[in-house]
Amino acid sequence: MHKEGKKTALHHIFVIFCWIYAAFSLYPLIWMLFYSFKTNQEIFVTNPFGFPWPLHYENYITAWTKYDVPLYFLNSLLVSIGTVTITIICALLFSYATSRMVWKMKTFTRLFLGLGMFIPVQAIMIPVVKVVQKFGLMGTRWSLIFPYIAINLAFACMVYYGFFKGIPMELEEAACMDGATIYQTFFMIIEPLVRPATVTLVIYIFLNAWNEFILANVVVGSIPALKTLPLGVLFFQGEFTTDWGGMGATMVIASFPAIIVYSIFSEQVESAMTIGGAVKG
Amino acid sequence: MKKYMGNKLAILLFILPALAIFITFDFIPIIQVFAYSFTDWNGLTMPNFTGLKNYLDLFTDRVFFTSNRNQLIFAIVITVYQMLFATVFAITISDKKMNGRKFLRVAYFIPVILSVTVVCQLWSAILSGEGLLNKLFEVAGSDFKQNWLGDRYKAIYVIAFVNAWQWMGYQFALIVAGIKSIPADYYEAARIDGCSNVKAHMKITIPLLAETYKFCLIISLTGGIKAFTEMNILTGGGPNKSTFTLTYMMYNAAFKKSDYGYGLAAASVMVIECMLVMLVINFIFRDKDQKKEEEKARRKRNA
């Protein structure tokens, strides 16, 4: 039983400050949600700050029917799912071979792929466009999926490597005695053991791919049929007589999946996102 | 057993997909960035080797200095803003008796999971001429109203602020995780010795978070060097190239002027700057670790 020390005035100031900042952090988002239900007249003149009433939910209908939002949504979804699935498979296999199997160049190979952690996406956008063109992927969703896999691999492999290292070698020995092939051992015994890492990585890579802008902008920025939601949101840029309500609705729809994922798995999302920081450097 | 785990075919099958994708879409591109930065490549015809010409042009380009200055401002603004607020909030929230801790964590973290384009579009609506911020000043009866992104001296600070606003929650979560790993006994001991809460955090929490701060510093400083998206969406590099960064120079040179070689020279400098920052930070923090070791050794000897 320990006695709580007396709270200083400073502590109370900090607590108040925490709440003020929380309002500052949330209000822009709430404002976005509000104006997605307003008309231009309300946003600019009659009711810029408060709760929207009546609810102009027709903004969402406009966004969904007029601004190609379903198409962008589908593109984002397919690209994200493709990226997550293939990255996870490649990273699992690669990390298994470099952490537990026995061969000469394994440390070198692992560190070589680890270089990916230090390659900024910003720097490689021009050559990536050229490579994608060379492979004839331009105009398909693979033009985004492959580069996304490449930029997420190094991190995924590093996380898996740590997990694989912690599994006792006896498991494979036992499996070998029982006559399982190496493939059976991997898929039936080892892979299920690293499921927690897989969950974390799925969330991390999904959010990365869902929100990615820099490569999407240069690879599919000029192809309307392949644009992802982050690009779709920019559709409204530079149009002065813009339909603000429709833009708000598009932005809310674009943020919805990420917020859903976060509200279900908030702990995992936070640890998934911050594990990225902990490995960098 | 050794033969079992040394199955050459299995190893090859396991490493090949990852290696092939990484080499094709990440490794070859970065090599090309450096290789083509020494050529007059225009994206279509065969490049000719031009030696250091692109780099010499770059170093005499006035925009190059504006870019580096902007990156520095951007890096300093986001580093100070994020680390200061994140530390204060994380320490305040680490008090388990506080009400609404869960809510505050969510409030700080939500901007992190949004797309950077949504955040930029949102802030561009807030900062625009008839936007929320100017409306607020109008209601408050102040004539502070202005075009926030239109001033060539202020725009970069405003852009950096938008980035800092979005990513503060990220560093907050990092520091919260760091604080969680500090054993509670330390604070117990400090209290028994009559140490105030604030002093305990200054003497225990912050020094023990050195490793976390290293990550935070690397992320925000290299984030400043790599800054691009916010400029691209909020100002388009303007007004009058005053919010250019090296990445934006590359983007502009390549996609607006088809001067790929020159753009890639800018990109190469950017990558090298990132590497240098990482090396320097790692060096500074390693130095501290070593010093601590030495200190410890000395104390042991004296005891």
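Where in chain B does B:Asn240 lie? B:Asn240 sits in the loop between helix 12 (229-235) and helix 13 (246-255) of chain B, where helices (H or I, at least four residues) are DSSP runs numbered from the N terminus. Please keep in mind that this is a predicted model, in which local features need pLDDT of at least 70, side-chain atom pairs count only at pLDDT 80 or more, and totals for chains, interfaces and linings use all residues. Residues are numbered from 1 along each chain as its sequence is written, while chains are lettered from A and ligands numbered from 1 in the order in which they are written.

**Loop residues**

- B:Asn240 is not a glycine, yet has a positive phi of about 55 degrees.
- B:Lys241 is found in the loop between helix 12 and helix 13 of chain B, and its phi is also positive, near 60 degrees.
- For context, most residues other than glycine have a negative phi.
- B:Asn240 counts as exposed because it has 9 C-beta neighbours inside 10 Å, whereas B:Lys241 is partly exposed, with 17 other C-beta atoms within 10 Å.
- The cut-offs here are 20 or more other C-beta atoms within 10 Å for buried, 12 or fewer for exposed, and in between for partly exposed, with C-beta atoms placed from the backbone.
- In chain A, A:Met117 lies in the loop between helix 5 (106-114) and helix 6 (121-134), and A:Met117 counts as partly exposed with 16 C-beta neighbours inside 10 Å.
- A:Met117 and A:Asn208 are 91 residues apart in sequence, and their C-alpha atoms are 14 Å apart in space.

**Helix packing within each chain**

- In chain B, helix 4 (residues 62-93) packs with helix 8 (residues 155-180) at about 40 degrees, their axes 7 Å apart; axes are lines fitted to C-alpha atoms over the stretch in contact, and angles run from 0 to 180 degrees between N-to-C directions.
- That angle makes helix 4 of chain B oblique to helix 8 of chain B, as angles under 35 degrees count as roughly parallel, over 145 as roughly antiparallel, 65 to 115 as roughly perpendicular and the rest as oblique.
- In chain A, the axes of helix 4 (residues 69-99) and helix 7 come within 7 Å and cross at roughly 40 degrees, which makes helix 4 of chain A oblique to helix 7 of chain A.

**Between the chains**

- The interface brings 78 residues of chain B into contact with 77 residues of chain A, where contact needs C-beta atoms, placed from the backbone, within 7 Å.
- Helix 2 (residues 8-36) of chain B gives the most to the side of chain B that touches chain A, with 17 residues.
- Helix 1 (residues 9-35) of chain A and helix 5 (residues 101-113) of chain B pack at about 45 degrees, with axes 9 Å apart.
- Among the residues that meet there are A:Cys18 and A:Leu29 from helix 1 of chain A, and B:Leu104 and B:Pro111 from helix 5 of chain B.

**The core**

- The largest nonpolar core has 173 residues; such a core is a set of buried Ala, Val, Leu, Ile, Met, Phe, Trp, Tyr and Cys residues joined through C-beta atoms within 7 Å.
- Helix 7 (residues 142-165) of chain A gives the most to this core, with 16 residues.
- A:Phe94 is among the residues with the most contacts inside the core; leaving aside neighbours within four places in sequence, A:Phe94 is in contact with A:Leu113, A:Cys157, B:Phe14, B:Ile15 and B:Ala18.

Key:
Helix = DSSP H or I, 4+ residues; strand = E, 2+ residues; numbered from the N terminus. Contact = placed C-beta atoms within 7 Å.
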